[in-house]
Amino acid sequence: MTHWTHVLSNVALVEFVLLAALTTLQWVRHRIRGAGWVALSFAILGGISLALKIDPGLVANQYLAKSVIALLLVVPYCLFRFAATFRTPSVPVRVVAIIVTVAIVLFTFTLKYLPAPGFPAPPYFLAYRVSFLVTFGFLCGYVVVSLFLAGRGEPPIAASRMHLLAIAVVGLEIQVVVAALGLQGPSVDLVTQALTVVMGVLFLVALVLPSFVRVFLSRHEDAAFRRAVSQLVAAGDSRDVAEHLLPHVCALVGASWAALLAGDGTVVARYPVWTEDDGPDPRDADNSNNGQRRITLQTRSGATHSLAVNISPSMPYFGSEELHKLDQLAGMVGLAIERCEMAEQIAFQASHDGLTGLANRSMFMERLEEAMSHVGRRRAALAVLFIDLDRFKLVNDRADHSTGDRVLSEMADRLTAMTRGVDLVARFGGDEFVAFAEVDHEVDALDMAERIRTGLSEPVDIGSGQLVVTASVGVVMTADDSTSPLALLREADNAMYEAKRSGRDQVVLFHHHARDLANRKWGLTPTRTRRLSAG
């Protein structure tokens with residue numbers, strides 16, 4: 001039995017020296033909050049174990065023996081401070097922890113001597129044993145309860161590590177009880193050493209998790225992580241990206257909430273979904289603590305998003321690998337958003353004018369056809385406006401094309417600003433713009449057209465000078481859903497040509513005698529028809 005006790009003692013020594021080295025390295029490399037306290041705990045345990053192994057006679061000196069016990073009494077306070085980083089104790093509890101630790105250390109040094117086996121105990125030694133037991137019981141008990149409570153709601157891997165650490169601390173308490181009761185004998189020594197070895201294993205798994213154990217514990221989260229990444233392919237925009245991913249982000253790091261924020265801080269999407277009916281936004285309350293982790297996502301287009309996640313205080317220590325995965329996931333989110341932005345940009349370019357950003361002909365005709373299908377179901381009529389800038393060719397001839405582009409962009413901006421109630425404004429190319437809107441009366445359409453004509457004729461600042469460009473506007477109205485969109489445009493163009501013929505810078509409502517002028521432009525004159533048919 002003595003042989004196995006010796007073997008187990010050597011194994012325990014290796015474990016605690018290894019724990020001291022690994023926890024210290026972890027603290028030096030990562031500076032995780034609370035890691036310094038646990039590193040100090042195992043530095044004391046490992047250092048004392050190694051020193052006594054090298055020279056067992058150290059404890060023969062009463063002062064050194066008392067110093068060793070005093071250091072051991074600091075260990076539960078260090079573990080208390082470590083647990084306090086995850087679940088903050090009240091001020092009275094913190095004060096009591098300091099008082100009992102200082103008191104038992106001072107009590108140790110006030111003892112007349114430390115009794116060896118077979119020697120009588122000094123005065124007050126029973127009181128000392130009771131104080132020793134109470135101090136360890138209070139501090140280690142708080143650590144155990146705190147770790148079990150803090151582990152609730154955490155990801156499985158972090159919760160498992162915290163629970164294993166709590167069990168290891170229970171083993172430490174059992175050893176203290178054995179020592180306080182003065183139990184001795186070969187069997188007690190063997191069981192105590194075996195318990196120490198088990199504690200060392202639990203401490204190693206809990207504090208410095210081996211990779212093979214991590215893989216086993218996180219297999220379900222890893223599978224969910226891979227599914228989340230595969231779902232990014234199906235996302236159509238940044239909101240889809242967030243809605244696919246945020247639940248997995250919360251599961252991965254045990255977050256109480258996660259949100260994707262736009263560059264201006266507005267919420268694109270969040271999980272769990274929150275509405276004003278649910279009460280105050282928990283994000284506002286959580287902003288006051290250090291649990292919020294924000295990762296900036298930068299795309300090639302320059303757009304910036306942020307992934308904001310509210311994690312528990314225990315995750316930086318017990319979930320460092322999961323937080324690393326979160327960083328990787330954030331990078332994938334950035335790539336997915338970039339892909340969505342590129343798809344949106346391609347779709348925008350296919351349906352909008354490259355110079356002005358207005359809708360192009362294709363989009364306008366599609367939307368106009370859709371609007372025509374609703375005309376018969378509503379009381380309102382549909383007004384189509386054809387706007388042509390007067391003598392715009394002279395701008396390009398007398399200035400240059402860049403000046404002409406600036407004028408067109410300015411006119412597009414004015415049209416957008418002046419037609420907030422219009423269903424759509426588009427540029428057909430060159431100096432031609434079109435628009436349509438639902439109106440109640442003919443006078444409403446003419447008022448809108450006149451407002452556009454007046455607004456476009458305001459001077460345009462070009463360099464140090466100003467340029468005045470007027471516009472001719474043709475207007476057509478219909479309440480007949482059987483009219484084709486192309487016929488409406490042709491009639492609006494017809495009215496615009498009438499405005500040109502009448503002196504330009506005018507608004508003209510469509511009437512039938514102007515049809516032939518527009519038909520020649522659209523290639524629909526009887527003469528051209530005959531020529532085309534004659535081959």
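Guide: Glu450 counts as partly exposed, because its relative accessibility is 31%. The terms here are buried (under 20% relative accessible area), exposed (over 50%) and partly exposed (in between), with a 1.4 Å probe and protein chains only. This is a predicted model, in which local features need pLDDT of at least 70 and side-chain atom pairs count only at pLDDT 80 or more, while totals for chains, interfaces and linings use all residues. Residues are numbered from 1 along each chain as its sequence is written, and side-chain values use heavy atoms, with hydrogens and water left out.

Glu450 has a partner, Arg453, and their side chains meet in a salt bridge at 2.4 Å, N to O. A salt bridge here is a side-chain nitrogen of Lys or Arg within 4 Å of a carboxyl oxygen of Asp or Glu. Both residues lie in helix H17 (residues 442-456), three residues apart, about one turn of the helix. Helices (H or I, at least four residues) and strands (E, at least two) are DSSP runs, numbered from the N terminus. An α-helix has 3.6 residues a turn, so residues three or four places apart point the same way.

Arg453 is buried, because its relative accessible area is 14%. The side chain of Arg453 also meets that of Asp505 in a salt bridge, at 2.8 Å, N to O. This second pair links distant parts of the chain, 52 residues apart: Arg453 sits in H17, and Asp505 in the loop between helix H18 (485-501) and strand S11 (507-509). Asp505 counts as partly exposed, because its relative accessibility is 27%.

Now step back. The whole structure holds six salt bridges. One of them joins the side chains of Asp353 and Arg427, at 3.1 Å, N to O. That pair too links distant parts of the chain, 74 residues apart: Asp353 is in the loop between helix H13 (320-351) and helix H14 (361-375), and Arg427 is in strand S6 (residues 424-429). Asp353 and Arg427 are both buried. Elsewhere, a network of salt bridges links Asp388, Asp390 and Lys500.

S6 pairs with S7 in the antiparallel sense, over five bridges. Two strands count as paired if DSSP finds at least two bridges between them. S6 and S7 form a hairpin with two residues between them, and Gly430 in the turn has a positive phi of about 60°. Val425 has Ala435 of S7 as its bridge partner. Strand S7 (residues 432-439) is largely enclosed by the rest of the structure, because seven of its eight residues are buried.

S7 has a further neighbour. Eight bridges join it to strand S5 (residues 381-389), and the two run antiparallel. Here the bridge partner of Leu385 is Ala435 in S7.

Another strand is mostly covered as well. In S4 (residues 304-310), six of the seven residues are buried. Five bridges join S4 to strand S1 (residues 257-261), again antiparallel. Ala258 stands opposite Val309 in S4.

Last, a helix. H6 (residues 156-181) has 26 residues and reaches 37 Å from its first C-alpha to its last, close to the 38 Å expected at 1.5 Å a residue. That expected span is 1.5 Å times one less than the number of residues. Gly182 follows H6, and its phi is positive, near 75°.
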